[in-house]
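Please look at the sequence and the structure before reading on.

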Amino acid sequence: MQVVESKGVRIPAIGLGTMRLKDETCARIVSEALKQGYRHLDTAQMYGNEREVGEGLKASGIPREQVFVTTKVWWDKFAPGDLENSVEESLAKLGLSSVDLLLLHWPNPKIPYVDTLNALAKVKRAGLTKHVGVANNTVALLAEAVKLSPEPLVNNQIEVHPLLDQKKILAACAQHGVSVTAYCPIGRGKIDNATLDRIGAKHAKTGAQVSLRWLVQQGLIVIPGTSKEERLTENAAIFDFTLSDAEMAEIGTLAQPDGRIVSPPFAPKWDV
Ligand SMILES: NC(=O)c1ccc[n+]([C@@H]2O[C@H](COP(=O)([O-])OP(=O)(O)OC[C@H]3O[C@@H](n4cnc5c(N)ncnc54)[C@H](OP(=O)(O)O)[C@@H]3O)[C@@H](O)[C@H]2O)c1
């Protein structure tokens, strides 16, 4: 299992994104993913599936300590007190005594960052999570968070795929020693791209696998989501081939100005 290290923390380089998984499909796909060898699950309070993710983990029979579980606190729970309570609720739903990584899902400018980061540190010190991090942080937000956080931030979960240029924030994460988890790593399945397909054909891989490989080969963590068992297998089969320097560079030219997929009204002002 390939891992990405940040500040001594080892995070499996591929995880299952569970955002769209609901009810029994969620529990079944989570269990199947773990049986196939996945050792990293990504959920969030907002996904409304923490209970089913926990059920899938239990049903898989894989020992809890072998699986890296991430959840995220929704931004309306960032006030001190609310944050701690929401994490207790998440753990009750997951059926776990702690998660491996707890992230702040989106920045919330209405609550001072320092207050939220202190609350995050408090739940870590109380043993509710092993590690803490952020998500959707820009260069400026990440610098502020790293400065203010009483506990080391080990991860920034952001949108990264070949159609979006994220060089600035990736460089900032590297500078702060913060690992990056790439969400929408196959562009929500909509990267219908002749270049990725052509490169994939040379390696007997699909365009989706090339997109994922391009990310892990840069040292990023990927969390593709799928509701289909056969795609679990496809998406994990990215560690048995290598893209050449020329292929990596060519994929790096595919970024589009409108390549960003996720930008809700409460998103921060993105780096340009
Ligand atoms: N932190 C954040 O703010 C944030 C935001 C968005 C997402 N996320 C996390 O990132 C995870 C992944 O992002 P995402 O689900 O939005 O996008 P994604 O992983 O890029 O794409 C998932 C979509 O692609 C399809 N798909 C999966 N594997 C495929 C393959 N090999 N070939 C073709 N299509 C394929 C899936 O459909 P089928 O189900 O039909 O396979 C699904 O519709 C989420 O589940 C969530 O955990 C985090």
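Strands E7 and E8 (residues 153–159) run parallel and are joined by three bridges. Helices (H or I, at least four residues) and strands (E, at least two) are DSSP runs, numbered from the N terminus. Two strands pair if DSSP finds at least two bridges between them.

The model is predicted: local features need pLDDT of at least 70, side-chain atom pairs count only at pLDDT 80 or more, and totals for chains, interfaces and linings use all residues. Residue numbers start from 1 along each chain as its sequence is written.

**E7 and E8**
- Val 134 has Asn 156 in E8 as its bridge partner.
- From E7 the chain passes through helix H5 (residues 139–148) to E8, a right-handed β-α-β crossover.
- Right-handed means that, with the strands pointing away from the viewer, the path from the first strand over the helix to the second runs clockwise.

**E7 and E6**
- Strand E6 (residues 99–104) pairs with E7 in the parallel sense, over five bridges.
- Opposite Leu 101 stands His 131 in E7.
- Helix H4 (residues 113–125) lies on the chain's way from E6 to E7, and this β-α-β crossover is right-handed.

**Burial of E7**
- Six of the seven residues of E7 (residues 129–135) are buried, that is, 20 or more other C-beta atoms lie within 10 Å of their own, with C-beta atoms placed from the backbone.

**Around the ligand**
- Among the 27 residues around the ligand, Gly 17, Met 19, Tyr 183, Gly 189 and Gly 225 come nearest; a residue counts as near if its C-beta atom, placed from the backbone, lies within 6 Å.
- Helix H9 (residues 229–236) gives the most to this shell, with three residues.

Technical notes: A residue is buried if 20 or more other C-beta atoms lie within 10 Å of its own, exposed if 12 or fewer, and partly exposed in between; C-beta atoms are placed from the backbone.
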